[in-house]
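Subject: Structure for you to look at

Hello,

Here is the structure I promised to pass on. Please open it and keep it beside this email while you read.

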Amino acid sequence: MVVVVILILVVLIVVLCAYNIHIQQKIESFQNINQKISNLAVLQDFMRVAGEEEDVDSKLNKINDIIIDKYKIKYSTIVVFDGAEYVIKATNVDEIHHETLRNLHTEEIFKDSVQNATPKYITIDDDKEKLPYQKVEMGRAKSAMFFPLYIDNIYIGYWIMESGEKHAFDKTDTTIIEVVKDNIISVLSTMSYQDAMENIIRIDKFTGLYSAEYLYSKGKMTFDKYQTSAVCMFKIANIEEINEKAGRQFGNDIISEVSNIVKSKLSSQYVFVRYMGPKFVIVFSGVGEDSVQDFLNSLKQEIEEFEIVEEAKEAKVVKVINGKKVRVRELQEEKSASPRVNFVVSTYYKGTGIEKLNKKLEEYLDNAAIEENQINYI
């Protein structure tokens, strides 16, 4: 009888063990599914931020905040090499430590990691120790995971996450962290064009206006708040004639004064840039073509009524008299010039290519007859 009871108990124990193993497998499977869903949600958050109408640095700081929140990381820092130097693109670490974080690629402890494109985990065992890259901040971080970032086998920087606890990442699922790293790389790759546009924006020295690249980055953030906007490109059609007859300095002055006239008339919500040479672009944010017609007629009239005059003045010139070179005074004739402008207007729709629309407007102006100076709607 006792033997039977023991056998039954053994069978029950075996069944319970098997059941527990089965339940554990289901729990692990459920956790894996949950983790995949969570990772997908984080990726969707990353992509949502990448598509927002903000500058690259703002987007990367938002992404860094998502990483810190979703994965419960104490410190997270993204550093990118911009072609000239290493720049901290996003971090929640106090500024006093930025110099250290910006130069981690020079630390011996991370050099192999960068060279071999492999992550590096470091921690301390004693509170009196400090991580090898730390200079003075012994108490801030006691564990760190360093990840070099590569796009198409090209090294672009690194991501480091840190903790104030010893051995904080001993049990961290590295596959999850790799997903985060890959997502960071995806976002950096997606935003590389925008970042390039933002970094090549320049100020034109004659007009004080932004260059055309401004339209494709920060300017776009302004007019993309609206579904449609009127885009006007205009050209000083007689600039070559002015340069030839009155001199290039006259031409530069004309360009400068025309830009000043336009700037004085525009609302702050509109975007005005020097597109190229004697061509300019105005984007009337949220305004239709019909609504700008009277404004452009008035603007065109004011520009073409403007005149630069240089009074006649004496100048020393060299003349040949009786076979000899003689320096004499001569009265130079008065110089004057007025701009003649040609306008072309079209509609920009949010989400479409502003650069393609500008190309279309530019082609129209370049192919127009040199004597044409009117307002055209295409």
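Strand β1 (residues 75-81) pairs with β2, and the two run antiparallel over five bridges. This is a predicted model, so please read everything below as computed from that prediction. Strand β2 itself covers residues 86-91 and is mostly covered. Five of its six residues are buried.

Now step back to the sheet. In general, strands of a sheet pair through backbone hydrogen bonds, either parallel or antiparallel. Here five strands form an open sheet, with antiparallel pairing. Their order is β2-β1-β5-β4-β3. Which strands are at the edges? They are β2 and β3 (120-123), and each pairs on one side only. On average, neighbouring strands of the sheet are turned by 20° against each other, direction ignored.

Next, β4 and β5. Strand β4 spans residues 143-151, and strand β5 spans residues 154-163. They run antiparallel and are joined by nine bridges.

Helix α2 (residues 56-71) packs on it and touches β1, β2 and β5. The direction of α2 makes about 55° with that of β2. Helix α4 (residues 108-116) lies across β3, β4 and β5. It runs at about 35° to β4.

Last, a pair of helices. Two packed helices are described by the angle between their axes and the distance between the axes. For helix α8 (residues 239-246) and helix α9 (residues 248-265), the axes come within 6 Å and cross at roughly 140°. That angle makes α8 oblique to α9. From α8, the contact uses Ile-239, Ile-242, Asn-243 and Ala-246. From α9, it uses Arg-248, Phe-250, Gly-251, Ile-254 and Ile-255. These contact residues divide into six nonpolar, two polar and one charged.

Helix α9 has 18 residues. From its first C-alpha to its last it reaches 26 Å, close to the 26 Å expected at 1.5 Å a residue. Which residues of α9 are buried? They are Phe-250, Gly-251, Asn-252, Ile-254, Ile-255, Ser-256, Val-258, Ser-259, Ile-261 and Val-262.

Best wishes

Definitions and conventions: Residues numbered from 1 in each chain as written. Predicted model: local features only at pLDDT ≥ 70, side-chain atom pairs only at ≥ 80, totals over all residues. Heavy atoms only, no water. Buried < 20%, exposed > 50% of the residue type's maximum accessible area, 1.4 Å probe, protein only. Helix = DSSP H or I, 4+ residues; strand = E, 2+ residues; numbered from the N terminus. Pairing = 2+ DSSP bridges. Axes fitted to C-alpha atoms, helices over the stretch in contact; angles between N-to-C directions. Parallel < 35°, antiparallel > 145°, perpendicular 65-115°, else oblique. Contact = heavy atoms within 4.5 Å. Nonpolar A, V, L, I, M, F, W, Y, C, P; charged D, E, K, R; others polar. Expected span 1.5 Å × (residues − 1).
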